[in-house]
Amino acid sequence: MASSSVVLSYSLRGGEFSKSRTLISVSNRPLTVSIPLHRRPHKNGRVFASISVSSPAVRTGPEDLVASILSKVSQTDRGVLLTKDKHKEVAEVALELQRYCVREPVKCPLIFGEWDVVYCSNPTSPGGGYRSAIGRLFFKAKEMTQVVEAPDIVKNKVSFSALGFLDGEVSLKGKMKALDDKWIQVVFEPPELRVGALEFRYGGESEVKLEITYIDDKVRLGKGSRGSLFVFERIRKSV
């Protein structure tokens with residue numbers, strides 16, 4: 001909450017303050033101020049009272065909120081290094097951003113493009129076992145991206161370094177379906193794993209559901225069916 005310092009002056013008449021009318025406003029909203037009893041007489045017979053007042057909470061626009069959430073998740077290994085309180089701060093900004101989401105985000109063309117997964121409240125949600133506490137001991141994630149292609153193709157990729165010297169990646173390709181105005185469902189084919197010269201598929205199909213809670217030309221926020229919060233940042237190709 002913003003704070004400002006105000007100096008109020010009064011004339012001293014017979015040891016008492018003369019009546020004064022002062023109106024202080026911020027953004028056309030009046031502030032209620034209280035004057036402390038401590039009075040400091042001045043040599044010229046005037047008394048000055050210095051007080052601090054708090055202005056009303058100012059709503060932050062979406063651009064500032066986007067900058068805030070990106071700064072909070074920057075250099076945190078996509079959220080892994082954040083404390084519980086810091087995760088809470090990210091969630092609060094995401095909730096505020098949700099107020100500015102378009103009415104039908106699943107129909108918004110901004111959904112298409114290449115995205116960097118910069119944050120997840122649950123480290124194992126993107127990347128599965130490779131991002132678990134044990135998995136991170138052997139696999140260091142280098143990139144986590146998602147490509148959404150019109151009209152309904154989703155491609156996820158996690159590139160990593162295994163044991164510090166062997167490069168590899170896991171990729172998934174799926175088909176997206178809108179469930180309503182905000183929720184989408186993606187059914188992925190079996191993942192494809194590449195480590196060094198080896199390349200093979202394993203496991204079976206998988207399915208995820210995600211609510212799009214905010215989207216613009218820079219970021220996309222989503223919440224999984226189990227409550228995990230995701231922050232995607234658009235990857236802009238350099239010319």
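## Surface patch, ring pairs and a buried valine

L163, F165 and L166 together make a nonpolar surface patch of about 330 Å² in this predicted model. Of these residues, L163 lies in the loop that runs between β9 (153-162) and β10 (166-178), and L163 counts as exposed because its relative accessibility is 58%, where the cut-off for exposed is over 50%.

Turning to aromatic rings, a search of the whole structure finds 1 aromatic pair. The pair is formed by F230 and F232, whose ring centres are 6.0 Å apart and whose planes meet at 15 degrees, so the rings are stacked. F230 is buried at a relative accessible area of 12%, and F232 is likewise buried, with 4% relative accessibility.

| Arginine | Ring | Distance from ring centre |
|---|---|---|
| R99 | Y100 | 5.2 Å |
| R220 | W115 | 4.9 Å |

When neighbours within four places in sequence are left aside, V66 is in contact with L97, Y214, D216, K218 and V219. For V219, the separation from V66 is 153 residues in sequence, yet the C-alpha atoms of V66 and V219 are 7.4 Å apart in space.

Note on methods. Residues are numbered from 1 along each chain as its sequence is written. This is a predicted model: local features need pLDDT of at least 70, side-chain atom pairs count only at pLDDT 80 or more; totals for chains, interfaces and linings use all residues. Side-chain values use heavy atoms; hydrogens and water are left out. Rings of Phe, Tyr and Trp (its six-membered ring) pair if their centres lie within 6.5 Å; planes under 30 degrees apart count as stacked, over 60 as edge-to-face and the rest as tilted. Buried means under 20% relative accessible area, exposed over 50%, partly exposed in between (1.4 Å probe, protein chains only). A charge sits over a ring if NZ of Lys or CZ of Arg is within 6 Å of the ring centre and within 35 degrees of the ring normal. Patches are made of residues with over 30% relative accessible area and no salt bridge: like charges are joined within 9 Å, nonpolar side chains (Val, Leu, Ile, Met, Phe, Trp, Tyr) within 5 Å. Accessible areas come from the Shrake-Rupley method with a 1.4 Å probe; for residues, only the protein chains shown count as cover. A salt bridge is a side-chain nitrogen of Lys or Arg within 4 Å of a carboxyl oxygen of Asp or Glu. Helices (H or I, at least four residues) and strands (E, at least two) are DSSP runs, numbered from the N terminus. Contact means heavy atoms within 4.5 Å.
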